[in-house]
Amino acid sequence: MTTFRVPGVPVIADGELISTNPATGDEAGRLPVATADDVARAVERARTAGNWWIGLGDAGRRERLLRFRAVLANRITELAELVNAEGGKPVAEAIVEIVSAIEHLDWATRNARRVLGARQLRSRLILAEFAAHLEYQPYGVVGVIGPWNYPVLTPLGSIGYALAAGNAVVFKPSEYTPVAGQWYVDAFAEVVPEQPVLQAVHGLGDVGAALCRSGVDKVAFTGSTATARKVMAACAETLTPVLLESGGKDAMIVDADADLDAAAEAAVWGGMTNAGQTCIGIERIYAVAPVYDAFVAKVVERAGRLTVGAAGDADLGPITMPAQIDIIRRHIDDALARGGRAVLGGPDAVQPPYVRPTILVDVPEDSAAVREETFGPTLTIKKVRDAQEALTLANALPYGLGGSVFGQRQAIPIARRLRSGMAAINSVITFVGMSTLPFGGVGDSGFGRIHGDDGLREFARAKAITRRRGPSMLPAMTFDRTPAQVARIVKLVKTLYGRN
């Protein structure tokens, strides 16, 4: 096995993308780099494959997708070990990720017909002679650009729903985790060998840009807000619709009647899982004054017990993208320079390729550690007067992905008022595993939804159909209408709608 000089940094050599472990530098695999022409040909193949896929009908696609689900379930440990070998994620964390992906694939497959199937809707009196029909038709070919932090769950949250809706998919995995992406593309091909319904194209950002401009019918992207803007600009050239799930800076609010042990446990999990490399991870915490000191002590005690290292059973693995370490270091340094204190960790916690848990308090709200996405195992905890102040501060940023509220009496009203696409009460992150719920953000966290009914509809076009079923008693949409008929229409409208 080859070991590379800069662990985790993608290398292109002799037309191949070489993926390495960020902790050891060991090679995880190598894959051919796609050119713009390669991407265009993949989309052309997908167009033909998509026609075949939709031709299988609901039952045929369901049977294939459930078999794909079974492959993932039966080989879950193999895939988890690959995710560990490539991205450094602890095996247990990878298994939890894959379990959620399997659950979403199962739900999308079993519910596609119910959500997207043709149905008759009620007509209105003015057009009572017409029947109204609605159905959802697949876009055709969907391009999916995936992230590195959750290389199985996040892409499959788009891929599985797009396939269940009847589309073919061309997938560009992150250059930091291409081997894991190729693994499940190959696994799908074992179940569906007839046509390339799911393909992968590999490379750096230029390959993602080529996919945006390749003629796909929709693009689903997950990544940073800055890259999301580039994706949207590229897709705007051809009016290709986009689904964007970008950055987050999720907040937790701890109210006076919260269970502090449960809140501390959730805060550490929400902030430190996957070494903090979670778009819906908790990065900011606002605790009300009466419970602040006790809560901080419990968080510090729990976070201080976490283990860090390359071993598959460590709690925290390495930072997958080496360049992120400089951002984490800058945020910690800036917080301390502005008067913040590290009650756990601090600058010495940054020991590449690892970052040990760091808890920061007294950090000004205008600091980088509060306003920018850190994507590392750090938490800022601020004392606030009450839940209203906490809510105001939580909503002050342009991000709006997820959030969490711990408390009893006011928890539901607070969660509703969080400016976010999702919120968890007395838990963190749980909404991502709930296959019945939509997932997505607002503001700088993007728009569009994956998961749930909305996630299936995101990958299909609504098609409205009207059908005449009898003569028009009140002909309106014709030049043959008479003045008397117009008068009757006016009388009917006043009768039906002229009163409050």
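Buried means under 20% relative accessible area, exposed means over 50%, and partly exposed lies in between (1.4 Å probe, protein chains only). Keep that scale at hand for the exercises below.

The model is predicted, so local features need pLDDT of at least 70 and side-chain atom pairs count only at pLDDT 80 or more, while totals for chains, interfaces and linings use all residues. Residues are numbered from 1 along each chain as its sequence is written, and side-chain values use heavy atoms, leaving out hydrogens and water.

**Exercise 1.** Find the place of V493 and decide whether V493 is buried, exposed or partly exposed.

*Solution.* Step one: look in helix α16, residues 483-497, where V493 sits. Helices here are DSSP runs (H or I, at least four residues) and strands are runs of E (at least two), numbered from the N terminus. Step two: V493 has a relative accessible area of 35%, so V493 is partly exposed. Step three: together with L125, L496 and Y497, V493 makes a nonpolar surface patch of about 360 Å².

**Exercise 2.** Work out whether T222 is buried or exposed, and list what T222 touches.

*Solution.* Begin at strand β9 (residues 218-222), which holds T222. Next, take the relative accessible area of 13%: T222 is therefore buried. Finally, set aside residues up to four places away in sequence; T222 then touches I145, G146, P147, T154 and E245. Contact means heavy atoms within 4.5 Å.

**Exercise 3.** Locate D255 and find how far D255 is from F406 in sequence and in space.

*Solution.* First, go to the loop between β11 (250-254) and α9 (260-272), where D255 is placed. Second, note that D255 is buried because its relative accessible area is 7%. Third, compare the separations: D255 and F406 are 151 residues apart in sequence, and 6.1 Å apart in space from C-alpha to C-alpha.

**Exercise 4.** Describe the whole chain by its helices, strands and radius of gyration.

*Solution.* Start with the count: 16 helices and 21 strands. The radius of gyration is 26 Å, close to the 23 Å that the globule rule gives for 500 residues, so the chain is as compact as a globular protein of that length. That radius is taken over C-alpha atoms, and the rule is 2.2 Å times the number of residues to the power 0.38. To finish, 55% of the 500 residues count as buried.

Conventions. Patch = residues over 30% accessible without salt bridge, like charges linked within 9 Å, V, L, I, M, F, W, Y side chains within 5 Å. Areas by Shrake-Rupley, 256 points an atom, 1.4 Å probe, with all protein chains shown as cover. Salt bridge = Lys/Arg side-chain N within 4 Å of Asp/Glu carboxyl O.
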